Amino acid sequence: MNFVIENTNPKGKKTSDCVIRALARAMGYDYYRVYKDLYEMSLKTGYYLSDKKNYEKLLGVYGYIKVKQPVKRDNTKYVVKEFNQICGADALITINHHITYYNAAENSIYDLSSFPNAVIRNYFVKEGEII
């Protein structure tokens, strides 16, 4: 697993915009398009742009499905560096208070920092993709 450190914030800011950055990379959309889509969804849902209930609703519109938290046979939980053992598709991975993008073809996580030992909470894949 590779961890590619990048900041796709158009102003180069290190801020709490992980939802926008991750969704934009996953969709191949412009940062501001995702920002606008999240904003419009927040007007409908009443939740803040980066609230989980808001971005999960938008992911559904984008054609993504939520996969429950993966658990090993010994009942321990998978960490980010093990994600390629459970999913062969591009995905959005949630960890505590964060979401990030995984590119399966490159076996890489794209984000502002590296967090290989963070526990995976759940993940989202495009409907019809390998889970």
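The model is predicted, so local features need pLDDT of at least 70 and side-chain atom pairs count only at pLDDT 80 or more, while totals for chains, interfaces and linings use all residues. Residues are numbered from 1 along each chain as its sequence is written, and side-chain values use heavy atoms, with hydrogens and water left out.

**Salt bridges**

- Side chains of opposite charge can pair when their charged atoms come close.
- The structure holds seven salt bridges, each defined as a side-chain nitrogen of Lys or Arg within 4 Å of a carboxyl oxygen of Asp or Glu.
- One of them joins R21 to D17, with 2.7 Å from N to O, and both of these residues are buried, a word that stands for under 20% relative accessible area, whereas exposed means over 50% and partly exposed lies in between (1.4 Å probe, protein chains only).
- R21 also forms a salt bridge with D111, where the closest N and O atoms are 3.0 Å apart.
- This second pair links distant parts of the chain, 90 residues apart, with D111 in strand β5 (residues 108-111) and R21 in helix α1 (residues 18-27); helices (H or I, at least four residues) and strands (E, at least two) are DSSP runs, numbered from the N terminus.

**Helix α2**

- K36 and E40 meet in a salt bridge of 3.1 Å, N to O, and they are separated by about one helical turn because they lie four residues apart in helix α2.
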